[in-house]
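Notebook open, viewer open. Below is what I looked up and what came back.

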Amino acid sequence: MIEFFLQPLSYSFMQRGLLAGMMVGVLCAVLGTYVVLRGMAFLGDALAHAILPGVAVAYLMGGNLLLGALVAAAVVALGIGYFSKNGAIKEDTAIGILFSAALSLGVAMISSIRSFAVDLSHILFGNVLGVSPSDLLLTFALGAIVLLTVVLLYRPFMVLSFDPVLAATLRLPTVLLQNIMMMLLAVTVVISLQTVGVGLAAAMLVTPAAAAYMLTRRLSTMMIISALIGALSSLIGLFLSYYLNIVSGSAIVLTATVFFLIIFLVKKGKR
Amino acid sequence: MQTPHRLEVENISVAYGDKIVLQNVSFQVPHGVRIAIVGPNGAGKSTLFKALVGLLPLKTGKILIHGLPLGNHKDCVAYVPQREEVDWRFPVTVRDVVMMGRFNSNGWIARPTKADHQAVDQALEKLNIAALANSSISDLSGGQQQRVFLARALAQNPHILLMDEPFSGIDSTTQEITFGLLDHLRSRQVTVMISTHDLNLAANRFDLVMLINKGLVAFGSPHDVLSQGNLQKAFGNSLLVMDGGTLLVDECCPPDDEHLHMPISSSDQVK
(Lines give C-alpha, C1' and ligand atoms only; values in the text may rest on other atoms or scores of the structure.)
Protein backbone atom coordinates (compact mmCIF):
# COMPACT_ATOMS: atom_id res chain seq x y z
CA MET A 1 0.00 0.00 0.00
CA ILE A 2 2.76 2.41 0.99
CA GLU A 3 4.56 1.26 -2.09
CA PHE A 4 1.58 2.47 -4.12
CA PHE A 5 2.24 6.02 -2.98
CA LEU A 6 6.02 5.93 -2.74
CA GLN A 7 6.81 4.22 -5.99
CA PRO A 8 5.82 7.13 -8.28
CA LEU A 9 7.63 9.53 -5.97
CA SER A 10 10.94 7.78 -6.57
CA TYR A 11 11.12 9.78 -9.78
CA SER A 12 12.28 13.33 -9.28
CA PHE A 13 10.03 14.57 -12.11
CA MET A 14 7.06 13.16 -10.18
CA GLN A 15 8.16 14.93 -7.02
CA ARG A 16 8.47 18.23 -8.85
CA GLY A 17 5.17 17.67 -10.64
CA LEU A 18 3.44 16.96 -7.37
CA LEU A 19 4.83 20.05 -5.66
CA ALA A 20 4.01 22.29 -8.61
CA GLY A 21 0.57 20.74 -8.95
CA MET A 22 -0.34 21.27 -5.33
CA MET A 23 0.91 24.86 -5.37
CA VAL A 24 -1.23 25.54 -8.42
CA GLY A 25 -4.18 23.79 -6.79
CA VAL A 26 -3.93 26.06 -3.77
CA LEU A 27 -3.36 29.26 -5.76
CA CYS A 28 -6.23 28.68 -8.17
CA ALA A 29 -8.54 27.73 -5.34
CA VAL A 30 -7.75 30.83 -3.28
CA LEU A 31 -8.07 33.29 -6.17
CA GLY A 32 -11.04 31.27 -7.35
CA THR A 33 -12.90 32.35 -4.22
CA TYR A 34 -13.08 35.88 -5.60
CA VAL A 35 -13.75 34.58 -9.09
CA VAL A 36 -16.81 32.69 -7.83
CA LEU A 37 -18.08 35.41 -5.50
CA ARG A 38 -17.72 38.19 -8.04
CA GLY A 39 -18.91 36.19 -11.02
CA MET A 40 -15.63 36.46 -12.92
CA ALA A 41 -15.52 32.88 -14.26
CA PHE A 42 -15.69 34.11 -17.83
CA LEU A 43 -12.78 36.45 -17.17
CA GLY A 44 -10.66 33.65 -15.73
CA ASP A 45 -11.33 31.47 -18.75
CA ALA A 46 -10.59 34.37 -21.09
CA LEU A 47 -7.29 35.15 -19.36
CA ALA A 48 -6.22 31.54 -19.65
CA HIS A 49 -6.78 31.53 -23.39
CA ALA A 50 -5.45 35.00 -23.96
CA ILE A 51 -1.94 34.12 -22.83
CA LEU A 52 -1.38 31.93 -25.86
CA PRO A 53 0.28 34.60 -28.05
CA GLY A 54 2.67 35.44 -25.23
CA VAL A 55 3.68 31.81 -25.00
CA ALA A 56 4.10 31.62 -28.77
CA VAL A 57 6.31 34.71 -28.90
CA ALA A 58 8.43 33.44 -26.01
CA TYR A 59 8.79 30.08 -27.75
CA LEU A 60 9.80 31.70 -31.05
CA MET A 61 12.35 33.89 -29.31
CA GLY A 62 13.63 31.01 -27.20
CA GLY A 63 12.68 32.83 -24.02
CA ASN A 64 10.94 31.62 -20.88
CA LEU A 65 7.38 30.51 -21.69
CA LEU A 66 6.04 31.52 -18.28
CA LEU A 67 7.45 35.01 -18.66
CA GLY A 68 5.90 35.39 -22.12
CA ALA A 69 2.57 34.22 -20.79
CA LEU A 70 2.77 36.65 -17.90
CA VAL A 71 3.33 39.62 -20.19
CA ALA A 72 0.42 38.58 -22.43
CA ALA A 73 -1.87 38.13 -19.45
CA ALA A 74 -0.98 41.56 -18.11
CA VAL A 75 -1.62 43.19 -21.47
CA VAL A 76 -5.02 41.51 -21.83
CA ALA A 77 -6.07 42.14 -18.22
CA LEU A 78 -5.25 45.82 -18.43
CA GLY A 79 -6.72 46.02 -21.95
CA ILE A 80 -10.08 44.78 -20.66
CA GLY A 81 -10.04 47.52 -18.04
CA TYR A 82 -9.12 50.12 -20.66
CA PHE A 83 -11.87 49.22 -23.13
CA SER A 84 -14.62 48.94 -20.55
CA LYS A 85 -13.58 52.12 -18.74
CA ASN A 86 -16.37 54.65 -18.29
CA GLY A 87 -18.82 52.17 -19.74
CA ALA A 88 -17.56 52.61 -23.32
CA ILE A 89 -18.44 48.96 -23.91
CA LYS A 90 -19.64 46.39 -21.42
CA GLU A 91 -16.93 44.49 -19.60
CA ASP A 92 -17.97 41.03 -20.76
CA THR A 93 -18.03 42.31 -24.34
CA ALA A 94 -14.51 43.69 -23.92
CA ILE A 95 -13.43 40.35 -22.48
CA GLY A 96 -15.01 38.48 -25.40
CA ILE A 97 -13.32 40.65 -28.01
CA LEU A 98 -9.85 40.64 -26.49
CA PHE A 99 -9.88 36.99 -25.55
CA SER A 100 -10.83 35.71 -28.97
CA ALA A 101 -8.40 38.11 -30.67
CA ALA A 102 -5.53 36.98 -28.46
CA LEU A 103 -6.42 33.33 -28.90
CA SER A 104 -6.55 33.72 -32.69
CA LEU A 105 -3.22 35.52 -32.68
CA GLY A 106 -1.69 32.76 -30.60
CA VAL A 107 -3.01 30.00 -32.84
CA ALA A 108 -1.91 31.89 -35.96
CA MET A 109 1.61 32.18 -34.60
CA ILE A 110 1.76 28.57 -33.51
CA SER A 111 0.41 27.26 -36.81
CA SER A 112 3.43 28.77 -38.54
CA ILE A 113 5.75 26.48 -36.60
CA ARG A 114 5.75 22.84 -37.58
CA SER A 115 7.34 21.24 -34.55
CA PHE A 116 4.99 22.95 -32.18
CA ALA A 117 2.31 20.25 -32.12
CA VAL A 118 3.65 18.51 -29.02
CA ASP A 119 4.25 21.71 -27.12
CA LEU A 120 0.84 22.99 -28.12
CA SER A 121 -0.88 20.02 -26.58
CA HIS A 122 1.16 20.61 -23.44
CA ILE A 123 0.11 24.23 -23.36
CA LEU A 124 -3.53 23.37 -23.92
CA PHE A 125 -3.76 20.51 -21.45
CA GLY A 126 -0.73 20.83 -19.21
CA ASN A 127 2.38 18.76 -18.74
CA VAL A 128 2.89 18.57 -15.05
CA LEU A 129 5.58 15.93 -15.44
CA GLY A 130 7.73 18.26 -17.50
CA VAL A 131 8.27 20.73 -14.66
CA SER A 132 11.96 21.61 -14.54
CA PRO A 133 13.70 22.59 -11.29
CA SER A 134 13.81 26.22 -12.43
CA ASP A 135 10.09 26.07 -13.34
CA LEU A 136 9.35 24.77 -9.87
CA LEU A 137 11.34 27.56 -8.30
CA LEU A 138 9.49 30.18 -10.37
CA THR A 139 6.14 28.59 -9.53
CA PHE A 140 6.84 28.76 -5.82
CA ALA A 141 8.30 32.27 -5.94
CA LEU A 142 5.29 33.66 -7.86
CA GLY A 143 2.89 31.59 -5.80
CA ALA A 144 4.30 32.96 -2.56
CA ILE A 145 3.94 36.52 -3.84
CA VAL A 146 0.32 35.93 -4.84
CA LEU A 147 -0.63 34.30 -1.55
CA LEU A 148 1.10 37.00 0.48
CA THR A 149 -0.75 39.70 -1.44
CA VAL A 150 -4.08 37.96 -0.90
CA VAL A 151 -3.42 37.81 2.84
CA LEU A 152 -2.27 41.45 3.06
CA LEU A 153 -5.18 42.75 1.01
CA TYR A 154 -7.77 40.46 2.57
CA ARG A 155 -9.93 43.22 4.02
CA PRO A 156 -9.79 45.65 1.08
CA PHE A 157 -10.57 42.83 -1.34
CA MET A 158 -13.46 41.71 0.85
CA VAL A 159 -15.00 45.19 0.97
CA LEU A 160 -14.44 45.74 -2.74
CA SER A 161 -16.09 42.43 -3.60
CA PHE A 162 -19.03 42.70 -1.21
CA ASP A 163 -19.89 46.37 -1.58
CA PRO A 164 -17.93 48.38 -4.18
CA VAL A 165 -19.98 51.46 -3.35
CA LEU A 166 -18.82 51.34 0.27
CA ALA A 167 -15.25 50.83 -0.93
CA ALA A 168 -15.57 54.00 -2.97
CA THR A 169 -17.15 56.04 -0.18
CA LEU A 170 -14.37 54.92 2.13
CA ARG A 171 -12.01 56.32 -0.51
CA LEU A 172 -10.24 53.04 -1.08
CA PRO A 173 -8.13 53.06 -4.25
CA THR A 174 -10.70 50.88 -6.01
CA VAL A 175 -9.17 51.03 -9.49
CA LEU A 176 -5.74 50.11 -8.15
CA LEU A 177 -7.17 47.25 -6.08
CA GLN A 178 -9.14 46.04 -9.08
CA ASN A 179 -5.98 46.02 -11.20
CA ILE A 180 -4.02 44.21 -8.52
CA MET A 181 -6.69 41.53 -8.36
CA MET A 182 -6.56 41.16 -12.15
CA MET A 183 -2.79 40.79 -12.04
CA LEU A 184 -2.99 38.16 -9.30
CA LEU A 185 -5.51 36.29 -11.38
CA ALA A 186 -3.28 36.56 -14.43
CA VAL A 187 -0.22 35.27 -12.56
CA THR A 188 -2.24 32.38 -11.16
CA VAL A 189 -3.54 31.40 -14.56
CA VAL A 190 -0.04 31.54 -16.02
CA ILE A 191 1.39 29.35 -13.29
CA SER A 192 -1.39 26.82 -13.78
CA LEU A 193 -0.44 26.62 -17.45
CA GLN A 194 2.05 23.90 -16.67
CA THR A 195 -0.17 21.64 -14.61
CA VAL A 196 -3.64 21.89 -16.11
CA GLY A 197 -3.02 23.89 -19.25
CA VAL A 198 -4.82 26.77 -20.91
CA GLY A 199 -7.96 24.76 -21.54
CA LEU A 200 -8.59 23.69 -17.97
CA ALA A 201 -7.25 26.53 -15.84
CA ALA A 202 -10.71 28.05 -15.50
CA ALA A 203 -12.01 24.81 -13.99
CA MET A 204 -9.37 24.92 -11.26
CA LEU A 205 -10.36 28.50 -10.52
CA VAL A 206 -14.05 27.81 -10.23
CA THR A 207 -14.66 24.22 -9.13
CA PRO A 208 -12.90 24.04 -5.71
CA ALA A 209 -14.17 27.51 -4.74
CA ALA A 210 -17.73 26.64 -5.74
CA ALA A 211 -17.53 23.48 -3.66
CA ALA A 212 -16.19 25.43 -0.67
CA TYR A 213 -18.92 28.05 -1.04
CA MET A 214 -21.51 25.40 -0.26
CA LEU A 215 -19.77 24.43 2.98
CA THR A 216 -19.22 27.72 4.78
CA ARG A 217 -20.49 31.23 5.30
CA ARG A 218 -17.17 32.88 6.07
CA LEU A 219 -14.81 34.20 3.44
CA SER A 220 -11.60 33.08 5.18
CA THR A 221 -12.96 29.58 5.82
CA MET A 222 -14.12 29.39 2.24
CA MET A 223 -10.58 30.17 1.06
CA ILE A 224 -9.04 27.52 3.30
CA ILE A 225 -11.51 24.78 2.33
CA SER A 226 -11.15 25.73 -1.30
CA ALA A 227 -7.35 25.55 -1.03
CA LEU A 228 -7.59 22.10 0.59
CA ILE A 229 -9.84 20.82 -2.17
CA GLY A 230 -7.51 22.30 -4.79
CA ALA A 231 -4.39 20.71 -3.27
CA LEU A 232 -6.07 17.33 -2.76
CA SER A 233 -7.37 17.35 -6.31
CA SER A 234 -3.85 17.89 -7.62
CA LEU A 235 -2.46 15.15 -5.39
CA ILE A 236 -5.10 12.55 -6.19
CA GLY A 237 -5.29 13.59 -9.83
CA LEU A 238 -1.57 13.15 -10.32
CA PHE A 239 -1.59 9.62 -8.91
CA LEU A 240 -4.58 8.77 -11.10
CA SER A 241 -2.74 10.17 -14.07
CA TYR A 242 0.33 8.06 -13.23
CA TYR A 243 -1.47 4.76 -12.76
CA LEU A 244 -4.22 5.13 -15.36
CA ASN A 245 -1.91 6.75 -17.87
CA ILE A 246 -4.22 9.71 -18.59
CA VAL A 247 -3.36 13.37 -19.15
CA SER A 248 -2.55 14.95 -15.79
CA GLY A 249 -4.60 18.14 -16.32
CA SER A 250 -7.75 16.16 -17.02
CA ALA A 251 -7.19 13.88 -14.07
CA ILE A 252 -6.78 16.84 -11.71
CA VAL A 253 -9.84 18.69 -12.98
CA LEU A 254 -11.97 15.56 -12.91
CA THR A 255 -10.93 14.89 -9.32
CA ALA A 256 -11.94 18.44 -8.35
CA THR A 257 -15.25 17.91 -10.12
CA VAL A 258 -15.88 14.75 -8.12
CA PHE A 259 -15.27 16.72 -4.91
CA PHE A 260 -17.76 19.31 -6.09
CA LEU A 261 -20.38 16.74 -7.02
CA ILE A 262 -20.10 14.88 -3.71
CA ILE A 263 -20.50 18.11 -1.70
CA PHE A 264 -23.33 19.28 -3.92
CA LEU A 265 -25.25 16.02 -3.60
CA VAL A 266 -24.69 15.73 0.16
CA LYS A 267 -25.88 19.31 0.61
CA LYS A 268 -28.89 18.68 -1.56
CA GLY A 269 -29.74 15.50 0.28
CA LYS A 270 -29.77 17.35 3.58
CA ARG A 271 -32.36 19.84 2.39
CA MET B 1 -19.59 84.43 13.92
CA GLN B 2 -22.19 82.31 12.21
CA THR B 3 -21.75 78.53 12.43
CA PRO B 4 -20.58 77.28 9.08
CA HIS B 5 -22.95 75.05 7.18
CA ARG B 6 -22.02 71.40 7.28
CA LEU B 7 -22.96 70.84 3.72
CA GLU B 8 -23.06 73.31 0.88
CA VAL B 9 -24.08 72.34 -2.62
CA GLU B 10 -23.40 75.00 -5.20
CA ASN B 11 -25.08 74.73 -8.57
CA ILE B 12 -24.24 71.10 -9.28
CA SER B 13 -25.26 69.15 -12.38
CA VAL B 14 -24.78 65.41 -12.57
CA ALA B 15 -25.00 63.19 -15.62
CA TYR B 16 -24.67 59.55 -16.57
CA GLY B 17 -22.70 59.84 -19.79
CA ASP B 18 -24.59 62.45 -21.82
CA LYS B 19 -27.86 62.08 -19.96
CA ILE B 20 -28.21 64.83 -17.39
CA VAL B 21 -30.07 63.57 -14.33
CA LEU B 22 -29.77 66.54 -12.02
CA GLN B 23 -29.42 70.13 -13.12
CA ASN B 24 -28.34 73.27 -11.29
CA VAL B 25 -29.02 72.11 -7.77
CA SER B 26 -27.99 74.42 -4.95
CA PHE B 27 -28.78 74.15 -1.27
CA GLN B 28 -27.24 74.55 2.14
CA VAL B 29 -27.73 72.27 5.08
CA PRO B 30 -27.03 73.39 8.65
CA HIS B 31 -25.71 70.76 11.00
CA GLY B 32 -27.70 68.17 12.82
CA VAL B 33 -30.90 68.42 10.81
CA ARG B 34 -32.98 65.59 9.45
CA ILE B 35 -34.00 65.98 5.84
CA ALA B 36 -36.42 63.94 3.76
CA ILE B 37 -35.73 63.83 0.04
CA VAL B 38 -38.92 63.37 -1.92
CA GLY B 39 -39.65 63.12 -5.62
CA PRO B 40 -41.08 60.80 -8.26
CA ASN B 41 -39.18 57.82 -9.65
CA GLY B 42 -36.21 58.88 -11.71
CA ALA B 43 -36.19 62.30 -10.06
CA GLY B 44 -32.54 61.86 -9.23
CA LYS B 45 -32.67 61.01 -5.52
CA SER B 46 -30.10 58.22 -5.67
CA THR B 47 -28.06 60.27 -8.10
CA LEU B 48 -27.93 63.16 -5.65
CA PHE B 49 -26.66 60.80 -2.95
CA LYS B 50 -24.06 59.29 -5.19
CA ALA B 51 -22.83 62.75 -6.12
CA LEU B 52 -22.69 63.72 -2.44
CA VAL B 53 -20.41 60.82 -1.59
CA GLY B 54 -18.27 61.42 -4.64
CA LEU B 55 -19.30 58.33 -6.58
CA LEU B 56 -20.44 60.35 -9.58
CA PRO B 57 -18.43 63.19 -11.07
CA LEU B 58 -19.97 66.65 -11.17
CA LYS B 59 -20.55 68.26 -14.58
CA THR B 60 -20.73 71.67 -12.98
CA GLY B 61 -20.66 73.20 -9.54
CA LYS B 62 -19.11 72.04 -6.30
CA ILE B 63 -19.91 70.33 -3.04
CA LEU B 64 -18.38 71.65 0.15
CA ILE B 65 -18.38 69.84 3.46
CA HIS B 66 -17.26 71.92 6.44
CA GLY B 67 -16.22 74.45 3.83
CA LEU B 68 -13.85 72.04 2.09
CA PRO B 69 -14.35 70.30 -1.26
CA LEU B 70 -15.44 66.68 -1.34
CA GLY B 71 -12.65 64.15 -0.92
CA ASN B 72 -10.90 65.91 1.94
CA HIS B 73 -12.88 64.05 4.56
CA LYS B 74 -12.26 60.36 4.78
CA ASP B 75 -14.85 59.37 7.31
CA CYS B 76 -17.23 62.22 7.07
CA VAL B 77 -20.05 60.92 4.91
CA ALA B 78 -21.69 57.53 5.32
CA TYR B 79 -24.04 56.15 2.72
CA VAL B 80 -26.61 53.45 3.36
CA PRO B 81 -27.52 52.05 -0.05
CA GLN B 82 -30.75 50.30 -0.91
CA ARG B 83 -30.61 46.78 0.42
CA GLU B 84 -30.94 45.24 -3.04
CA GLU B 85 -27.60 46.71 -4.08
CA VAL B 86 -25.43 44.07 -2.45
CA ASP B 87 -25.26 40.29 -2.65
CA TRP B 88 -26.66 39.01 0.63
CA ARG B 89 -25.32 35.53 -0.08
CA PHE B 90 -21.75 36.78 0.19
CA PRO B 91 -19.96 34.65 2.83
CA VAL B 92 -19.55 37.18 5.64
CA THR B 93 -21.07 37.54 9.09
CA VAL B 94 -23.04 40.46 10.47
CA ARG B 95 -19.98 41.49 12.47
CA ASP B 96 -17.78 41.39 9.34
CA VAL B 97 -20.13 43.76 7.53
CA VAL B 98 -20.33 46.23 10.41
CA MET B 99 -16.54 46.09 10.76
CA MET B 100 -16.28 47.22 7.14
CA GLY B 101 -17.48 50.61 8.36
CA ARG B 102 -14.36 50.91 10.50
CA PHE B 103 -12.13 50.21 7.61
CA ASN B 104 -10.48 53.54 7.25
CA SER B 105 -9.89 54.23 10.89
CA ASN B 106 -6.34 52.94 10.90
CA GLY B 107 -5.17 52.36 7.37
CA TRP B 108 -6.66 49.74 5.13
CA ILE B 109 -4.11 46.97 5.55
CA ALA B 110 -3.89 47.02 9.34
CA ARG B 111 -5.97 44.68 11.46
CA PRO B 112 -8.91 46.08 13.45
CA THR B 113 -7.90 47.71 16.71
CA LYS B 114 -9.57 47.48 20.09
CA ALA B 115 -11.34 50.77 19.39
CA ASP B 116 -12.70 49.31 16.16
CA HIS B 117 -14.10 46.29 17.97
CA GLN B 118 -15.68 48.54 20.59
CA ALA B 119 -17.29 50.74 17.96
CA VAL B 120 -18.68 47.67 16.22
CA ASP B 121 -20.02 46.23 19.49
CA GLN B 122 -21.72 49.51 20.32
CA ALA B 123 -23.27 49.79 16.88
CA LEU B 124 -24.60 46.22 17.10
CA GLU B 125 -26.06 46.95 20.55
CA LYS B 126 -27.63 50.19 19.39
CA LEU B 127 -29.51 48.41 16.62
CA ASN B 128 -30.45 45.46 18.75
CA ILE B 129 -28.62 42.91 16.60
CA ALA B 130 -25.78 41.97 18.96
CA ALA B 131 -27.22 38.46 19.18
CA LEU B 132 -26.90 38.13 15.43
CA ALA B 133 -23.24 39.25 15.34
CA ASN B 134 -21.89 35.89 14.26
CA SER B 135 -24.76 34.94 11.97
CA SER B 136 -24.26 34.74 8.26
CA ILE B 137 -25.87 37.66 6.46
CA SER B 138 -27.65 35.22 4.18
CA ASP B 139 -29.87 34.18 7.11
CA LEU B 140 -31.25 37.67 7.77
CA SER B 141 -34.70 39.05 7.09
CA GLY B 142 -35.15 42.33 5.22
CA GLY B 143 -35.49 44.35 8.39
CA GLN B 144 -32.42 42.75 9.91
CA GLN B 145 -30.42 43.47 6.76
CA GLN B 146 -31.47 47.10 7.08
CA ARG B 147 -30.26 47.18 10.65
CA VAL B 148 -26.90 45.68 9.68
CA PHE B 149 -26.45 48.49 7.17
CA LEU B 150 -27.45 51.04 9.80
CA ALA B 151 -25.01 49.57 12.30
CA ARG B 152 -22.28 49.78 9.71
CA ALA B 153 -23.08 53.43 9.03
CA LEU B 154 -23.09 54.13 12.75
CA ALA B 155 -19.70 52.45 13.16
CA GLN B 156 -18.38 54.77 10.48
CA ASN B 157 -19.01 57.62 12.88
CA PRO B 158 -20.15 59.99 10.14
CA HIS B 159 -20.95 63.71 10.25
CA ILE B 160 -23.40 63.29 7.43
CA LEU B 161 -25.50 60.18 6.91
CA LEU B 162 -27.27 59.51 3.62
CA MET B 163 -29.88 56.77 3.40
CA ASP B 164 -31.51 55.58 0.21
CA GLU B 165 -35.10 54.39 0.73
CA PRO B 166 -34.53 52.82 4.16
CA PHE B 167 -38.24 52.56 4.90
CA SER B 168 -39.41 50.58 1.92
CA GLY B 169 -40.29 47.00 2.70
CA ILE B 170 -39.32 46.95 6.35
CA ASP B 171 -41.36 46.04 9.39
CA SER B 172 -42.57 48.67 11.84
CA THR B 173 -40.09 47.49 14.50
CA THR B 174 -37.16 48.22 12.24
CA GLN B 175 -38.72 51.54 11.27
CA GLU B 176 -39.00 52.59 14.91
CA ILE B 177 -35.49 51.37 15.67
CA THR B 178 -34.33 53.45 12.72
CA PHE B 179 -36.03 56.57 14.05
CA GLY B 180 -34.59 55.86 17.49
CA LEU B 181 -31.19 55.80 15.88
CA LEU B 182 -31.95 59.04 14.06
CA ASP B 183 -32.80 60.74 17.36
CA HIS B 184 -29.54 59.49 18.79
CA LEU B 185 -27.66 60.85 15.78
CA ARG B 186 -29.42 64.20 16.11
CA SER B 187 -28.13 64.48 19.66
CA ARG B 188 -24.66 64.00 18.21
CA GLN B 189 -25.26 66.74 15.64
CA VAL B 190 -25.14 64.32 12.72
CA THR B 191 -26.89 65.57 9.61
CA VAL B 192 -29.18 62.95 8.09
CA MET B 193 -30.61 62.93 4.58
CA ILE B 194 -33.11 60.23 3.71
CA SER B 195 -34.87 59.57 0.44
CA THR B 196 -38.37 58.22 0.86
CA HIS B 197 -41.62 57.63 -0.96
CA ASP B 198 -43.58 57.91 2.26
CA LEU B 199 -44.92 61.45 2.24
CA ASN B 200 -46.55 61.06 5.64
CA LEU B 201 -43.21 60.23 7.19
CA ALA B 202 -41.64 63.12 5.32
CA ALA B 203 -44.28 65.54 6.56
CA ASN B 204 -44.35 64.43 10.18
CA ARG B 205 -40.97 63.18 11.22
CA PHE B 206 -38.43 65.35 9.47
CA ASP B 207 -37.13 68.87 10.11
CA LEU B 208 -36.83 69.73 6.44
CA VAL B 209 -38.13 68.36 3.19
CA MET B 210 -36.37 68.58 -0.15
CA LEU B 211 -38.58 68.10 -3.17
CA ILE B 212 -36.70 67.22 -6.33
CA ASN B 213 -37.43 66.30 -9.89
CA LYS B 214 -34.34 66.46 -12.13
CA GLY B 215 -33.54 69.58 -10.16
CA LEU B 216 -34.48 71.24 -6.92
CA VAL B 217 -38.22 72.03 -6.74
CA ALA B 218 -38.43 73.20 -3.17
CA PHE B 219 -36.49 72.94 0.07
CA GLY B 220 -37.64 74.01 3.51
CA SER B 221 -39.98 73.07 6.32
CA PRO B 222 -42.43 70.25 5.52
CA HIS B 223 -45.37 72.64 5.77
CA ASP B 224 -43.93 75.07 3.22
CA VAL B 225 -42.54 72.51 0.85
CA LEU B 226 -45.40 70.05 0.64
CA SER B 227 -47.80 72.59 -0.84
CA GLN B 228 -50.10 71.77 -3.70
CA GLY B 229 -48.15 73.93 -6.13
CA ASN B 230 -44.82 72.36 -5.29
CA LEU B 231 -46.17 68.83 -5.43
CA GLN B 232 -47.74 69.61 -8.78
CA LYS B 233 -44.35 70.77 -10.03
CA ALA B 234 -42.58 67.66 -8.78
CA PHE B 235 -45.10 64.95 -9.51
CA GLY B 236 -46.99 66.38 -12.50
CA ASN B 237 -49.75 64.05 -13.61
CA SER B 238 -49.35 61.73 -10.68
CA LEU B 239 -51.02 64.38 -8.60
CA LEU B 240 -54.78 64.41 -8.35
CA VAL B 241 -56.40 67.58 -7.08
CA MET B 242 -59.96 67.33 -5.74
CA ASP B 243 -62.31 69.79 -4.07
CA GLY B 244 -61.70 68.53 -0.59
CA GLY B 245 -57.95 68.51 -0.79
CA THR B 246 -55.02 67.03 -2.60
CA LEU B 247 -54.61 63.39 -3.39
CA LEU B 248 -51.22 62.24 -4.43
CA VAL B 249 -50.99 59.04 -6.37
CA ASP B 250 -47.29 58.38 -6.30
CA GLU B 251 -46.26 55.60 -8.62
CA CYS B 252 -43.87 54.59 -5.86
CA CYS B 253 -42.14 51.55 -7.08
CA PRO B 254 -41.87 49.70 -10.33
CA PRO B 255 -44.55 47.00 -10.41
CA ASP B 256 -42.25 44.05 -9.94
CA ASP B 257 -40.22 45.72 -7.27
CA GLU B 258 -39.68 43.09 -4.63
CA HIS B 259 -40.29 45.23 -1.59
CA LEU B 260 -43.95 45.66 -2.52
CA HIS B 261 -44.65 42.07 -1.69
CA MET B 262 -41.68 41.09 0.37
CA PRO B 263 -42.86 38.98 3.28
CA ILE B 264 -41.75 40.21 6.64
CA SER B 265 -40.69 37.25 8.65
CA SER B 266 -41.62 36.80 12.26
CA SER B 267 -37.97 36.59 13.21
CA ASP B 268 -37.89 40.30 12.60
CA GLN B 269 -39.50 41.04 15.90
CA VAL B 270 -37.03 42.01 18.55
CA LYS B 271 -36.81 39.59 21.38
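Started with strand pairing in chain B. Strand E7 (residues 160-164) and strand E8 (residues 191-195) of chain B pair in the parallel sense over five bridges. For my own reference, two strands pair if DSSP finds at least two bridges between them, and helices (H or I, at least four residues) and strands (E, at least two) are DSSP runs numbered from the N terminus. I picked out one bridge: Met163(B) has Ile194(B) in E8(B) as its partner.

Next I noted the ground rules. This is a predicted model, where local features need pLDDT of at least 70 and side-chain atom pairs count only at pLDDT 80 or more, while totals for chains, interfaces and linings use all residues. Residues are numbered from 1 along each chain as its sequence is written, chains are lettered from A and ligands numbered from 1 in the order in which they are written, and side-chain values use heavy atoms, with hydrogens and water left out.

Then I looked at the sheet around that pair. It is an open sheet of six strands in chain B, with mixed pairing and the order E6-E7-E8-E3-E9-E10. E6 (77-80) and E10 (216-220) of chain B are the edge strands with a single partner strand each, so one side of each has no neighbour in the sheet. On average, neighbouring strands are turned by 15° against each other, direction ignored.

I also checked which helices pack on this sheet. Helix H4 (residues 142-155) of chain B touches E6 and E7 of chain B, and its direction makes about 175° with that of E6(B). Helix H5 (residues 172-187) of chain B touches strand E3 (34-38), E7 and E8 of chain B, at about 130° to the direction of E3(B). Contact here means heavy atoms within 4.5 Å; axes are lines fitted to C-alpha atoms, for helices over the stretch in contact, and angles run from 0 to 180 degrees between N-to-C directions.

Over to chain A for a helix pair. The axes of H1 (residues 2-9) and H13 (residues 219-244) of chain A come within 11 Å and cross at roughly 85°. That makes H1(A) roughly perpendicular to H13(A) (65 to 115 degrees). On the H13(A) side, Phe239(A), Tyr242(A) and Tyr243(A) meet residues of H1(A), including Phe4(A) and Leu9(A).

Last, cysteines. How many disulfides does the whole structure have? A search over all chains finds zero, a disulfide being a pair of cysteine sulfur atoms within 2.5 Å. Cys28(A) is buried at 0% relative accessible area (buried is under 20%, with a 1.4 Å probe and protein chains only), and Cys76(B) is buried too, at 4%.

How values were computed
Parallel < 35°, antiparallel > 145°, perpendicular 65-115°, else oblique. Buried < 20%, exposed > 50% of the residue type's maximum accessible area, 1.4 Å probe, protein only.
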